[in-house]
Structure formats: structure tokens, C-alpha cells
Amino acid sequence: MRIECGNYILMTDSNENIWIEEKYMGKDKEDNTKEYTKRITGYLHDFSSLTKDFLNKKLCGRDAENMVDVLNKLNIAKKEIDEIYNRYKAELGE
């Protein structure tokens, strides 16, 4: 399954693994702008573990100057994972 949600793509495979990829813009060999994706969460078996991994990577991947910055980054990441989860439920018809 492939579910696009903003800058993210929720992916699943036949072994019931789930992961999230993030879209970004880069350059190809001819120096043309091209959209790429990179996996930002591990291959996990449940959405709870995926959420923990997503939030952890968002927190560790950002430079925060103070606790307010940390909380703001986590709040944004929580909203993003909630959007991904809601899109996932909608695709499954739940």
C-alpha cells in the first residue's frame, strides 16, 4: 500500500511492515530539479511503534535551542503523524 499525505508517504509491504518516506526536492544527473523520497522511519509492524519512531526521529533530527523549541517541534510532528494515521484509517475504510 502507498498512501500519500502531504510531504509524507505511508508504505506497507506484503510482510505487514509499515514505514514512512518523506518527499524532498533534489537534482538529477542533468542538474534538473526532481522530487525524491527517503525513508525516515524503520520497518515496523504496528502503528504505535511507527509513531514512536517518527516522533523520535523528528526530535533528534532537529536542532533546538531551548525546551520551547523542542515542544514546538514535537507538537508539529504529532500533528503530522495524526494526519498520516487518519489518512491510513480512511484508506482502510475505518
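I began with the charges: the chain carries 16 positive and 19 negative side chains, and the centres of the two sets are 1 Å apart. I counted Lys and Arg as positive and Asp and Glu as negative, leaving out His and the chain ends. I placed each charge at NZ of Lys, CZ of Arg, CG of Asp or CD of Glu.

I note that this is a predicted model, in which local features need pLDDT of at least 70, side-chain atom pairs count only at pLDDT 80 or more, and totals for chains, interfaces and linings use all residues. Residues are numbered from 1 along each chain as its sequence is written, and side-chain values use heavy atoms, without hydrogens and water.

**Overall layout**

I looked up the elements next and found two helices and four strands. Their order along the sequence is β-β-β-β-α-α. I took helices (H or I, at least four residues) and strands (E, at least two) as DSSP runs, numbered from the N terminus.

I fitted a box along the principal axes, and the C-alpha atoms fill roughly 40 × 40 × 20 Å. The exposed surface comes to about 6,600 Å², with 46% of it supplied by carbon and sulfur atoms. I used the Shrake-Rupley method with a 1.4 Å probe for accessible areas; for residues, only the protein chains shown count as cover.

Of the 94 residues, 31% are buried. I called a residue buried under 20% relative accessible area, exposed over 50%, and partly exposed in between (1.4 Å probe, protein chains only). I then checked contacts, meaning heavy atoms within 4.5 Å. Among contacts in the chain with a separation of 6 or more, 34% are between residues 24 or more positions apart.

**Strands β1 and β2**

Strands β1 and β2 run antiparallel and are joined by four bridges. I let two strands pair if DSSP finds at least two bridges between them. One of the pairs sets E4 against I9 in β2. The hairpin of β1 and β2 has two residues between the strands, and G6 in the turn has a positive phi of about 65°.

Which residues of β2 lie on each side? I found Y8, L10 and T12 on one side and I9 and M11 on the other, and all are buried.

I turned to β3, where seven of ten residues are buried. Strand β3 runs antiparallel to β2, with five bridges between them. Y8 has E22 in β3 as its bridge partner, and L10 stands opposite I20 in β3.

On the β4 (residues 33-39) side, I counted seven bridges to β3, again in an antiparallel arrangement.

I looked for positive phi in residues other than glycine. E16 has a phi near 65°, and its place is the loop between β2 and β3. That hairpin has five residues between its strands. E16 is exposed, at a relative accessible area of 61%.

D31 has a phi near 70° and sits in the loop between β3 and β4. This hairpin also has five residues between its strands. D31 is exposed, at 53% relative accessible area.

**Helix α2**

I compared the span of α2 (residues 67-92) with its residue count. I took the expected span as 1.5 Å times one less than the number of residues. The 26 residues should therefore span 38 Å, and the end C-alpha atoms are 37 Å apart, which agrees.

Which residues of α2 are buried? I listed V70, A77, I81, I84 and Y88. An α-helix has 3.6 residues a turn, so residues three or four places apart point the same way. The cover over the buried residues of α2 includes β1 (2-5), β2 (8-12), β3 (18-27) and α1 (47-60).

I also looked at N86, which is in helix α2. N86 is partly exposed, with a relative accessible area of 45%. N86 and C5 lie 81 residues apart in sequence, yet 9.6 Å apart in space, C-alpha to C-alpha.

I ended at G93, which follows α2 and has a positive phi near 80°.
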